[in-house]
Amino acid sequence: MDSWQHAFVLHSFPYSETSIILDFFTEKKGRVRVLAKGARSHRSKLKGILQPFTPLLARWSGKSEIKTLCSAESVSLGLPLNGLMLYSGLYINELLSRMLVYDIDYSILFYDYLHCLQCLAGAKNLPESTLRCFELTLLSQLGYGVDFLHCADSGEPINDTKTYRYQEEKGFTISELLDNYSFNGRELRALSEKKFTNMDMLRAAKRFTRIALKPYLGGKPLKSRDLFRQYFK
């Protein structure tokens, strides 16, 4: 039996009449899939606790791919995400569900995730900057980071006034071609520092993270993006 772990619910779906299968994102064990027996029954102490964005302490047992949840309790009230912030949180959860391998320690990323949720919960403006920062952190933590400050061909520092084109698994090379894969040096510096001081920088960051995440998400569209589109109708 594992010891208590800090955890958040990334995703869940019903199993049998009264049980739930959940994907946890945990502090020490990373992404873990567990079966919560009887969690949907009216008498279950877990009813209402196993929700996204609620900080949990959880224990489970088993050596198979799907563990058995032994116990769970909320550490505090769920983080208050509403409207656009709620959809943003669901988007982050879907990214993690798609990209994290089961039973790998992502302890640093776990606290980056917690910080992201806290920023969304306390946000007074649009969540774009918070989302872009987390996407860049996710890519870096999973080993998909990019050098934004040096030309991949020459190794020379990027020049703010020049244009560079992103090439998957290589980086940024100087180019005169202007397309969706092209970024100027100022935009690359903003990506490196995760400081987006205006809407142009935010748009460039969104363009880059969409490109960089695409190979790791597969061809299946993200459900949370559909929710975003519905929100902005």
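Glu 128 is partly exposed, at a relative accessible area of 22%. Its value sits just on that side of the cut-off, because buried means under 20%. Keep in mind that this is a predicted model.

Start with the partner of Glu 128. The side chain of Glu 128 forms a salt bridge with that of Arg 132, at 2.6 Å from N to O. Both residues belong to helix H3, which covers residues 128-141. They are four residues apart, about one turn of the helix. Arg 132 is buried, with a relative accessible area of 4%. So this salt bridge pairs a partly exposed Glu 128 with a buried Arg 132.

The structure holds 10 salt bridges. Another of them joins the side chains of Asp 160 and Arg 189, at 3.1 Å from N to O. Asp 160 lies in the loop between H3 and strand E6 (163-167), while Arg 189 sits in helix H4 (residues 185-193), so the contact ties together parts that are 29 residues apart in sequence. Asp 160 is partly exposed, at 28% relative accessibility. Arg 189 is partly exposed too, with a relative accessible area of 30%.

Strand E6 brings in a further pair. The side chains of Arg 165 and Asp 179 meet in a salt bridge of 2.7 Å, N to O. Arg 165 is in E6, and Asp 179 is in the loop between strand E7 (171-174) and strand E8 (182-184). The two residues are 14 apart, and their pairing links distant parts of the chain. Arg 165 is partly exposed, with a relative accessible area of 25%. Asp 179 is also partly exposed, at 28%. Elsewhere, salt bridges with shared partners join Asp 23, Arg 31 and Arg 33 into one network.

Now turn to the largest pocket. It holds about 580 Å³ of space. Its lining has 25 residues, and the closest to the pocket centre are Leu 10, His 11, Ser 12, Ser 97 and Lys 223. Strands E1 (5-15), E2 (19-26) and E3 (30-36) each give two or more residues to the lining, as do helices H1 (83-99) and H6 (223-231). H1 gives the most, with five residues.

Where does the largest pocket lie? Domain 1 (5-74) and domain 2 (83-232) both give residues to the lining, so the pocket lies between them. By class, the lining has nine nonpolar, seven polar and nine charged residues.

Technical notes
Residues are numbered from 1 along each chain as its sequence is written. This is a predicted model: local features need pLDDT of at least 70, side-chain atom pairs count only at pLDDT 80 or more; totals for chains, interfaces and linings use all residues. Side-chain values use heavy atoms; hydrogens and water are left out. On a 1 Å grid over the protein atoms alone, a cavity is a set of points where a 1.4 Å probe fits but cannot get out, and a pocket is an open set with protein on both sides within 12 Å along at least five of seven lines; lining residues have an atom within 4 Å of a point. Grid points are joined across faces, edges and corners, and a volume is the space filled by probe spheres set on the points. Ala, Val, Leu, Ile, Met, Phe, Trp, Tyr, Cys and Pro count as nonpolar, Asp, Glu, Lys and Arg as charged, and the others, Gly among them, as polar. Domain bounds come from an automatic or database domain assignment. A salt bridge is a side-chain nitrogen of Lys or Arg within 4 Å of a carboxyl oxygen of Asp or Glu. Buried means under 20% relative accessible area, exposed over 50%, partly exposed in between (1.4 Å probe, protein chains only).
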